[in-house]
Amino acid sequence: KMVEDLIKSFVKEEFIDKIDYSTLKPVKSSFVSSGFKGRETDVIWTLKIDGKEAYVYILIDFQSTVDKFMALRLMTYTGLFYEYLLKQKKKKKKKLPDKLPPVFPVLLYNGTKKWSAPLNINELIDISFPSLRKYIPQFCYYKIEETDFTSEALLEIENLVSRLFLIELSKIEDLAEIIEDTIKILKKEVSKELQRDFGLWIRGILGKK
């Protein structure tokens, strides 16, 4: 539900209208932790776009400083993920695909400092000779930065992701009304499990603020 809301409301790309959201499934987090030597904030989802397999890789960045080399980091993660897919095929003795499925890399950033890192890996590579340009990799990631949205804009988007952004961005004195509105959405739209998890998250935010 949260991933669907995130994509529908905060990703502005043509292909999102062709996503079959009923096919959204998480790739096991144990893989993310071990294969990527990663963090609980790295999540991968499989879905179908126009009936074909694709993946959404979401990296949630809680750091206050901007990672200049985020494009390199995400390109590396994507490459490791492709290797994992091929190893799984070999392990199950399945035929290797002619082509790899697309991966849509998303950075969800909630730091206070404005994100200024390049979105494309080629901006991080020095080209001393123009003839080398064709060998430079092309890789972009999609940035969703919470502070890019005003409170008014977030209030108009009536889903849990917009309320999550609002709660993180708001001052303590403004939270009561926002949380009350969020609880109404929770009771109306989501499972008991997500209600519980969201409640624990709100409690943590209140303690932090």
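The structure is a predicted model, in which local features require pLDDT of at least 70 and side-chain atom pairs count only at pLDDT 80 or more, while totals for chains, interfaces and linings use all residues. Residues are numbered from 1 along each chain as its sequence is written, and side-chain values use heavy atoms, with hydrogens and water left out.

A nonpolar core is taken here as a set of buried Ala, Val, Leu, Ile, Met, Phe, Trp, Tyr and Cys residues joined through side-chain atoms within 4.5 Å, where buried means under 20% relative accessible area, exposed over 50% and partly exposed in between (1.4 Å probe, protein chains only). The largest such core contains 37 residues, of which Leu6, Ile7, Leu47, Ile144, Phe165 and Ile167 touch the most other members. Helix α5 (residues 160-169) contributes the most to this core, with six residues; helices (H or I, at least four residues) and strands (E, at least two) are DSSP runs numbered from the N terminus. A second, separate core comprises 22 residues, including Phe81, Val103, Tyr109 and Trp115.

Aromatic rings of Phe, Tyr and Trp (its six-membered ring) are paired if their centres lie within 6.5 Å, with planes under 30 degrees apart counted as stacked, over 60 as edge-to-face and the rest as tilted. By this rule there are ten aromatic pairs. Tyr55 and Phe81 form an edge-to-face pair, at 4.8 Å centre to centre and with 75 degrees between the planes. This pair links distant parts of the chain, since Tyr55 lies in strand β3 (residues 52-61) and Phe81 in helix α3 (residues 70-91), 26 residues apart. Both Tyr55 and Phe81 are buried. Phe10, Phe149 and Phe165 form one aromatic cluster.
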